[in-house]
Amino acid sequence: MTPTTLTPGLEGVVAAETRLSRVDGQAGELIIAGFPVEELAAHASFEETVFLLWNDRLPSPQELTHFRQALAQRRALPSAVLDLLEAAAQAQLPAMDALRMAAGALSLDLPEGNPQEQALAAVARFPTIVASYARLRQGLSPVPPDPALGHAANYLAMLGGEPPHPAQVRGLETYLNTVVDHGLNASTFTARVIVSTGSDILSAVTGAIGALKGPLHGGAPGPALDMVFQIGRAERAEPFLRAKLEAGERLMGFGHRVYKVRDPRAEVLAEAAARMFQESGDMALYRLARHVEQTAVRLLAEYKPGRNLQTNVEFYTALLLHGLGLEPDLFTPTFAVGRVAGWTAHCLEQQRQNRIIRPRAVYVGAVGRRWADRAPG
Ligand code: ACO
């Protein structure tokens with residue numbers, strides 16, 4: 001029978017069973033492999049979170065040591081990937097394009113048909129790709145990975161060229177844990193579709209990067225921060241946001257397909273950002289962002305009544321990553337540094353219970369055309 005019911009954007013459609021995360025959009029709750037995101041994000045190292053997603057349990061101290069080593073020893077990039085990043089830097093490509101190109105090239109030195117090895121390499125090497133590219137684009141040499149440092153600390157060290165402050169490491173680790181997985185979001189769905197065809201994990205994460213890049217998914221934090229900077233002073237927030245809404249524009253960092261209350265990740269990141277800004281003594285930007293958020297939520301309720309448009313994860317992502325000294329163009333690639341763990345976990349889960357993901361389309365085009373009737377050319 002030909003199906004005829006169309007669900008635009010697959011909204012509300014259940015397409016997979018997962019043990020990885022549960023998103024409750026009405027209650028504003030996110031559970032990651034059994035843990036409330038607030039607890040996991042604040043306490044776990046990123047390596048513990050990755051192990052948890054891949055194994056559905058936390059590691060023993062000995063397993064954690066081995067896992068950290070397994071990731072640390074896979075961080076270096078093949079020289080051809082560094083050459084590719086160099087060429088991308090010459091062309092001044094956006095960092096997400098450089099990440100997508102480099103991720104696709106990782107198969108250069110990885111064994112085919114070994115999903116675990118590909119997953120380890122993808123998680124281990126994404127930070128090296130992003131940090132190397134950030135430096136090459138500034139005309140600087142990449143900083144080699146330091147196997148003595150943890151995943152988050154090493155990423156910051158490769159970006160900045162010096163050992164990071166422990167408060168910054170904790171801030172980044174909280175961020176990476178917060179965004180590590182989030183149900184069947186667009187990029188994760190993309191990854192699952194790709195492996196469901198029997199394709200490999202590197203192909204899946206490369207496709208997922210493409211999906212994450214779009215401003216309706218992971219590409220929002222840069223514009224969200226721009227908005228806060230353009231507003232500049234608390235009293236300008238309302239006229240500025242009103243003008244945007246009057247012009248029919250979307251406010252970046254607000255609204256979500258699933259959450260109809262405040263995204264719980266926004267709170268985790270707002271608190272982490274407040275801690276970091278308190279340490280650095282620059283609370284003015286944080287206070288301005290809080291004011292912009294409150295004004296935006298109030299105006300969204302006025303202009304889009306009944307839509308329940310609330311703050312999403314991207315708003316405070318922007319603030320936190322800015323506080324860590326990252327350029328806006330690195331916000332979405334850094335999201336990928338965290339989310340790649342979720343993508344790979346979903347790929348491994350899909351492979352264990354695979355059925356090719358292949359929905360249908362309702363044909364609404366012409367019928368009855370005949371080749372013989374075409375206009376003479
Ligand atoms: N600002 C203004 N209006 C909005 C916003 C927004 N941020 N978000 C939704 N709306 C409006 C739409 O214009 C629409 O109004 P209408 O019915 O009068 O035409 C209504 O709310 C419903 O919007 P949809 O696009 O149908 O909602 P959907 O669930 O498809 O979109 C999305 C969710 C894409 C996140 C949307 O809220 C949006 O564009 N937000 C801004 C971009 C953003 O912050 N993206 C990051 C999301 S989090 C993540 O992916 C990691």
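The model is predicted: local features need pLDDT of at least 70, side-chain atom pairs count only at pLDDT 80 or more, and totals for chains, interfaces and linings use all residues. Residues are numbered from 1 along each chain as its sequence is written, and side-chain values use heavy atoms, with hydrogens and water left out. Helices (H or I, at least four residues) and strands (E, at least two) are DSSP runs, numbered from the N terminus.

**Helix H10**

- Helix H10 covers residues 201-212, which is 12 residues.
- From first C-alpha to last, H10 reaches 16 Å, close to the 16 Å expected at 1.5 Å a residue. The expected span is 1.5 Å times one less than the number of residues.
- Buried means under 20% relative accessible area, exposed over 50%, and partly exposed in between (1.4 Å probe, protein chains only).
- The buried residues of H10 are Ile 201, Leu 202, Ala 204, Val 205, Thr 206, Ala 208, Ile 209 and Leu 212.
- These buried residues pack against helices H5 (95-104), H6 (115-137), H9 (186-196) and H16 (331-352). Contact means heavy atoms within 4.5 Å.

**Helices H8 and H13**

- Helix H8 (residues 166-178) packs against helix H13 (residues 264-280) at about 170°, with axes 10 Å apart. Axes are lines fitted to C-alpha atoms, for helices over the stretch in contact, and angles run from 0 to 180 degrees between N-to-C directions.
- That makes H8 roughly antiparallel to H13. Angles under 35 degrees count as roughly parallel, over 145 as roughly antiparallel, 65 to 115 as roughly perpendicular and the rest as oblique.
- H8 contributes Ala 167, Gly 171, Thr 174, Tyr 175 and Thr 178 to the contact. H13 contributes Arg 265, Val 268, Leu 269, Ala 272, Met 276 and Glu 279.

**Leu 20**

- Leu 20 sits in the segment before strand S1 (21-24).
- Leu 20 is buried, with a relative accessible area of 5%.
- Leaving aside neighbours within four places in sequence, Leu 20 contacts Ile 31, Ile 32, Ala 33, Leu 53, Asp 181, Ala 345, His 346 and Glu 349.

**Two loop residues with positive phi**

- Asp 56 is not a glycine, yet has a positive phi of about 60°. Asp 56 lies in the loop between helix H2 (46-55) and helix H3 (61-72). Asp 56 is partly exposed, at 36% relative accessible area.
- Asn 308, also a residue other than glycine, has a positive phi near 50°. Asn 308 is in the loop between helix H14 (284-303) and helix H15 (313-323). Asn 308 is partly exposed, at 40%.
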